[in-house]
Amino acid sequence: MIQFDKVVKRFGDVTVLDSLDFNVQKGEKVTIIGPSGSGKSTVLRILMTLETINEGVIHVAGRPLWHELRNDQLIPASEDHLRQMRKEMGMVFQQFNLFPHMTVRRNITEAPVHVLGLSKDKANQRAEEYLELVGLSDQADKFPSQLSGGQQQRVAIARALAMKPNIMLFDEPTSALDPELVGEVLNVIQRLSEEQDLTMLLVTHEMQFAKQISDRVCFFDKGRIVEEGPPEQVFSSPREERTQEFLKGFINPEC
Ligand SMILES: Nc1ncnc2c1ncn2[C@@H]1O[C@H](COP(=O)(O)OP(=O)(O)OP(=O)(O)O)[C@@H](O)[C@H]1O
């Protein structure tokens with residue numbers, strides 16, 4: 001579903017992704033862990049087409065993301081191609097990014113109406129369906145500022161799902177939340193992973209959750225995958241010294 005081939009990303013002189021090879025299968029739930037600045041968010045932002053790449057090729061659902069095929073040659077993607085490719089993915093950010101002047105319902109229906117061309121009725125139906133999934137059916141007429149951080153993040157998840165993406169990207173979805181609100185968001189993500197046929201890529205510092213939810217955990221350092229494997233292996237018996245050092249910083253990651 002996702003394939004990075006020798007992808008290089010630089011910001012000025014700093015190489016953030018260093019010839020990265022990385023694959024995610026259809027339906028797979030993959031968690032990326034690693035120290036601050038290792039390039040985790042950059043991977044998601046590149047997939048969401050929020051950042052460009054300098055070298056390499058990325059395929060999403062079998063099609064090149066940042067390129068188009070013309071006469072068997074890869075050429076840089078047009079804005080139209082990027083717009084099409086973006087429909088494959090939904091992203092949930094650390095800071096919710098809801099539209100503050102719109103109700104919860106409109107936050108969710110806006111893109112389905114204006115990007116997918118759904119009728120208002122259809123989009124409203126869809127909003128109800130996903131608000132129910134995230135446990136917020138009774139909050140549709142509120143504004144984001146009237147909700148807790150955990151509720152806002154659940155609306156953000158419903159909003160991303162309402163575009164019916166095949167891939168969901170979560171960029172540290174709980175790190176801006178007060179500790180007592182983290183659980184409700186993780187519960188929703190857990191439910192999604194169990195009930196929806198989604199490919200999921202999650203960046204998180206919630207190691208226990210990563211262990212629970214993931215088919216595979218990838219440990220990133222300096223723009224490369226240092227170690228990857230099933231969560232039991234990576235958390236309980238990491239092979240690489242850098243992974244061991246990183247995990248020592250977390251309280252009982254094996255629990
Ligand atoms: N727009 C940008 N301009 C310049 N440098 C950037 C930009 N975005 C990210 N970087 C740099 O790229 C590196 C990787 O950033 P990234 O956000 O991917 O790391 P991360 O592993 O997600 O870190 P964290 O866990 O702290 O969020 C960092 O050194 C960061 O400062």
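Author: Let's begin where two helices touch: Val104, Asn107 and Ile108 in α3 meet Val155, Ala158 and Arg159 in α5. Keep in mind that this is a predicted model.

Reader: How do the residues of the contact of α3 with α5 divide into nonpolar, polar and charged?
Author: Asn107 of α3 and Arg159 of α5 both take part in this contact. Sorted by class, the contact of α3 with α5 has one charged residue, one polar residue and four nonpolar ones.

Reader: Are α3 and α5 roughly parallel or oblique to each other?
Author: The axes of α3 and α5 come within 8 Å and cross at roughly 25°. Angles under 35 degrees count as roughly parallel. Therefore α3 and α5 are roughly parallel to each other.

Reader: Is the crossing in which α3 passes α5 left-handed or right-handed?
Author: The axes of these two helices, α3 and α5, cross at roughly 25°. As for the hand, the crossing of α3 past α5 is right-handed.

Reader: And is α3 roughly parallel or oblique to α4?
Author: Helix α3 covers residues 104-114 and helix α4 covers residues 120-133. Their axes come within 9 Å, with a crossing angle of roughly 130°. That angle makes α3, relative to α4, oblique.

Reader: Which residues of α4 make the contact with α3?
Author: The crossing of α3 and α4 is right-handed. On the α3 side, the contact is made by Arg105, Ile108, Thr109, Pro112 and Val113. Their partners on α4 are Lys120, Ala123, Asn124, Arg126, Ala127 and Tyr130.

Reader: How many nonpolar residues has the contact of α3 with α4?
Author: Two residues of this contact are polar and three are charged. The number of nonpolar residues in the contact of α3 with α4 is six.

Reader: What about α5 and α6: are they roughly parallel or oblique to each other?
Author: Helix α5 spans residues 149-161, and helix α6 spans residues 179-195. Their axes come within 8 Å and cross at roughly 20°. So α5 and α6 are roughly parallel.

Reader: Which residues of α6 make the contact with α5?
Author: The crossing of α5 and α6 is right-handed. From α5, the contact takes in Gly149, Gly150, Gln153, Arg154 and Ile157. From α6 come Leu181, Glu184, Val185 and Val188.

Reader: Zooming out, how many residues of domain 2 are in contact with domain 1?
Author: The domain assignment gives domain 1 as 1-88 + 169-174 + 182-255 and domain 2 as 97-164. Taken over C-alpha atoms, the centres of the two domains are 25 Å apart. Five residues of domain 1 are in contact with domain 2, whose residues in this contact number six.

Terms used: Residues are numbered from 1 along each chain as its sequence is written. This is a predicted model: local features need pLDDT of at least 70, side-chain atom pairs count only at pLDDT 80 or more; totals for chains, interfaces and linings use all residues. Domain bounds come from an automatic or database domain assignment. Two residues are in contact if their C-beta atoms, placed from the backbone, lie within 7 Å. Axes are lines fitted to C-alpha atoms, for helices over the stretch in contact, and angles run from 0 to 180 degrees between N-to-C directions. Helices (H or I, at least four residues) and strands (E, at least two) are DSSP runs, numbered from the N terminus. Angles under 35 degrees count as roughly parallel, over 145 as roughly antiparallel, 65 to 115 as roughly perpendicular and the rest as oblique. A crossing is left-handed if the near helix is turned anticlockwise from the far one by less than a right angle, and right-handed if clockwise. Ala, Val, Leu, Ile, Met, Phe, Trp, Tyr, Cys and Pro count as nonpolar, Asp, Glu, Lys and Arg as charged, and the others, Gly among them, as polar.
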